[in-house]
Amino acid sequence: MIMLKSRAEIEKMRAAGRVVARALREMSEGIVPGKTSPADLDAIAVRIVEEAGGTPSFLHYRGYPAATCISVNEVVIHGIPDKTALQEGDIVDLDLGVHLDGWHADGAQTVPVGKISPEAQRLLNVTQEALAQGIAKARIGNRIGDISAAVQRYAESNGYSVVRDLVGHGIGRKLHEEPQAVPNFGKPGRGEPLREGMTICIEPMINQGVYQISTDPDGWTMRTADGKLSAHFEHTVAITRDGPEILTKE
Ligand code: MF3
Ligand code: CO
């Protein structure tokens with residue numbers, strides 16, 4: 001069953017979302033090329049979430065061992081933060097969920113480490129805009145498939161591919177709730193109708209090369225099958241009478 005949220009509940013999710021956004025910003029501002037490691041960025045996130053009185057949603061979720069997922073270059077998603085310093089030219093996906101006062105919010109952004117190639121920058125720009133195109137369709141009267149199709153159309157028309165094996169999701173009192181899937185590919189007019197009070201995570205994962213991915217022996221780290229770059233942006237979005245509201249904003 002899809003849990004529809006009241007205005008007051010959406011405001012609680014927004015409070016969690018503000019913490020997500022602040023932590024993601026401080027993590028990205030904390031990156032010193034050649035020095036900072038994903039483990040350092042994870043520690044920044046933990047500090048900010050704890051200062052806000054929340055807990056990191058991902059820690060121990062299905063056995064996940066960290067507060068954040070930090071995915072470098074060809075790692076698509078679910079990179080486990082380690083102590084390897086980030087290098088100038090890398091792109092790094094920072095993904096964080098926050099549980100605050102009984103409610104979750106989840107967001108991600110892929111950021112440059114120092115100066116990056118124009119090709120890498122274009123991938124970041126297109127993935128961020130694909131998310132924006134999806135969010136614009138998150139309106140009462142539309143369906144999940146309208147979001148999916150908008151993301152796919154924008155990404156593919158720019159020459160990139162859309163990861164199939166991982167999708168967005170409903171969110172609220174639980175990190176993952178119904179609708180179980182908000183795909184980044186699909187057909188307009190299909191899928192669950194969007195209703196007032198639905199809260200969903202839209203999170204395109206866009207690849208430079210093929211859309212196929214593989215999972216490392218650690219059971220978490222997912223990387224592109226061809227080793228080319230991947231980017232990921234995510235917002236928690238509420239469907240309201242006034243249109244889509246991004247909750248993972250400061
Ligand atoms: N943003 C991802 C998601 O919502 C991150 C989940 S990581 C996990 O699925 F560790 F919590 F699984
Ligand atoms: Co998510």
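What percentages of helix and strand does the chain have over residues 11–240, and how far apart are the end C-alpha atoms? Select that range in this predicted model: the chain there is 29% helix and 27% strand, and its end C-alpha atoms lie 12 Å apart. Helices (H or I, at least four residues) and strands (E, at least two) are DSSP runs, numbered from the N terminus. The range comes from UniProt, where an unreviewed entry carries the annotation "domain: Peptidase M24" for residues 11–240; positions are in the numbering used here, feature names are shortened, and annotations may be inferred rather than shown by experiment.

Residues are numbered from 1 along each chain as its sequence is written, while chains are lettered from A and ligands numbered from 1 in the order in which they are written. Local features need pLDDT of at least 70, side-chain atom pairs count only at pLDDT 80 or more, totals for chains, interfaces and linings use all residues, and side-chain values use heavy atoms, with hydrogens and water left out.

**The helix pair α1 and α2**

Select α1 (7–29) and α2 (38–51). They pack at an angle of about 145°, with their axes 9 Å apart; axes are lines fitted to C-alpha atoms, for helices over the stretch in contact, and angles run from 0 to 180 degrees between N-to-C directions. The contact (heavy atoms within 4.5 Å) involves V19, R22, A23, E26 and M27 of α1, and L41, I44, A45, R47, I48 and V49 of α2.

Next, select S37, in the loop between α1 and α2. S37 has a relative accessible area of 5% and is therefore buried; buried means under 20%, exposed over 50%, and partly exposed in between (1.4 Å probe, protein chains only). Beyond four places in sequence, S37 touches D82, K83, T84, A85 and L86.

**The nonpolar cores**

A nonpolar core is a set of buried Ala, Val, Leu, Ile, Met, Phe, Trp, Tyr and Cys residues joined through side-chain atoms within 4.5 Å. In the largest, of 22 residues, M27, I31, L41, V92, L94, L96 and V98 touch the most other members. At least two residues each come from α1, α2, β4 (91–100) and β5 (103–112), and α1 gives the most, with 6. Another core, of 14 residues, lies apart from it and includes M198, I202, F233 and V237.

**The three-stranded sheet**

Turn to the open sheet of 3 strands, ordered β6-β10-β13 with antiparallel pairing; two strands pair if DSSP finds at least two bridges between them. Strands β6 (161–162) and β13 (230–232) are at the edges with a single partner strand each, so one side of each has no neighbour in the sheet. Between β10 (residues 205–207) and β13 there are 3 bridges, and M205 has H232 as its bridge partner in β13. Helix α3 (residues 118–136) packs on the sheet and touches β10 and β13, its direction making about 35° with that of β13.

**Backbone stops**

Most residues other than glycine have a negative phi, and most peptide bonds are trans. Which bond joins E178 and P179? It is a cis peptide bond, with omega about 0°, and P179 is found in strand β8 (residues 177–182).

Select H60, in the loop between β1 (55–56) and β2 (68–72); its phi is positive, about 75°, and H60 is exposed at 62% relative accessibility. N73, in the loop between β2 and β3 (75–77), has a positive phi of about 55° but is buried, at 15%.
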